[in-house]
Amino acid sequence: MRAWHFVGTHKPFERVDIEEPTAGPGKVVIDVKAAGLCHSDVGILEDEKWLANMKELPVVPGHETAGVISEVGEGVTEWKVGDRVAVWPMLGQGYSVNGAWEDRSEVSTETLVAIPDDVSFAQAAAATDAGMTSVGALTTAGVEKGMKVGIIGFGGLGQIGARVAHLRGAEVYVAEINESVWDRAREAGAVKVAKSITEFADVELDVIIDYAGFGVTTSDALDTVKSSGGGRVVQVGMGKLETTIDTYGLILGRKQLHGSAGGSKEDIEETMRYMASGDLTPVLSEIDFEQIPDGIQQLIDGTAVGRLVAKVAD
């Protein structure tokens, strides 16, 4: 079957043909219909630190999976062939075990999440990481009605985080350098949009969630979040893996900096409920399976529109 392999840092993904998986005990095989692309997939190409997450190479990348169960293993009773499912990517998919960039994927039943009828495979794939991670960060931040929330980045993650924060009743401020998406940010519920989060310094933001993570965005967030009452910055984006912060302002302002990675099955289900109702319609750009390297280049160049999802099969 078709697959893409990660063979090492600073080396391109390789298109290969590999053996089809079979469903072991407690597992199922999914015919992959849609597989998401993420900035983390750029990260593994560029930064050796990601190798610590990988037991051995090569490995099939891709941690956003949606498809249809085609085989069930011994002991599996709660799922059946034909079920539409997404995969909760918290058991190393795409890193320590093969991920979604393949025609068929073996996964554990503990990772499965049912896809509602009104949610497409592309939406479901995006919900498993972009949705889960975005909503998981809102949970980490304790976002609720009446709070003033800053969102840095209105890309694949930020567009979901901003919209769900608005749906939860927060007052949302978006920082995004790409002015072409500002109207979409306002449509999602943003009260104001600017190029830098520092432009909201007078707002007294309760929480800032950095979905970009390009070094200066993190330090700007800590400088901008409110001091009185202990403002909170939640770091999600991994555009760069280092930043320099002003510890003077952090300490005297009693500010908090939290890392947020992934989320729960409940975060995926919340995302898909909003998708099914029509309240959440994130911009997705679908590409063909064979175009995955082109999609990665879009992420590198910053030209990707919304969240990239590869169509694996009809």
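This is a predicted model: local features need pLDDT of at least 70, side-chain atom pairs count only at pLDDT 80 or more; totals for chains, interfaces and linings use all residues.
Before the helices come up, a word on terms: contact here means heavy atoms within 4.5 Å, and an angle runs from 0 to 180 degrees between N-to-C directions.

Helix α3 lies across β8 and β9, and its direction is at about 165° to β9. Helix α2, residues 121-141, lies across β11, β12 and β13. Against β12, helix α2 runs at about 155°.

Now the sheet that those strands belong to. The sheet is open and has 6 strands, in the order β10-β9-β8-β11-β12-β13, and the pairing is parallel. At the edges are β10 (190-194) and β13 (256-259), each of which pairs on one side only. On average, neighbouring strands of this sheet are turned by 20° against each other, direction ignored.

Let me walk through some of the pairings. Strand β9, residues 171-175, is joined to β10 by 4 bridges, and the two run parallel. Val172 has Ala190 in β10 as its bridge partner. Strand β8, residues 148-152, is joined to β11 by 4 bridges, again parallel. Gly150 stands opposite Ile208 of β11. On to strand β12, residues 232-235: 4 bridges join it to β11, in parallel. Here Val207 is partnered by Arg232 of β12.

Which way do the side chains of residues 207-210 point? Val207 and Ile209 point one way, Ile208 and Asp210 the other way. All four are buried, Asp210 included.

Next, the aromatic residues. There are 5 aromatic pairs in the structure. One of them is Phe13 with Trp101, edge-to-face, with 5.1 Å centre to centre and 85° between the planes. Why does this pair tie together parts that are 88 residues apart in sequence? Because Phe13 lies in the loop between β1 (2-5) and β2 (14-17), while Trp101 lies in the loop between β5 (84-87) and β6 (104-108). Phe13 and Trp101 are both buried. Ring pairs also bring in Phe6, which makes a cluster of Phe6, Phe13 and Trp101.

Arg84 lies over the face of Phe121, 4.6 Å from the ring centre.

That is what I have; questions are welcome.

Notes:
Residues are numbered from 1 along each chain as its sequence is written. Side-chain values use heavy atoms; hydrogens and water are left out. Rings of Phe, Tyr and Trp (its six-membered ring) pair if their centres lie within 6.5 Å; planes under 30 degrees apart count as stacked, over 60 as edge-to-face and the rest as tilted. Buried means under 20% relative accessible area, exposed over 50%, partly exposed in between (1.4 Å probe, protein chains only). A charge sits over a ring if NZ of Lys or CZ of Arg is within 6 Å of the ring centre and within 35 degrees of the ring normal. Two strands pair if DSSP finds at least two bridges between them.
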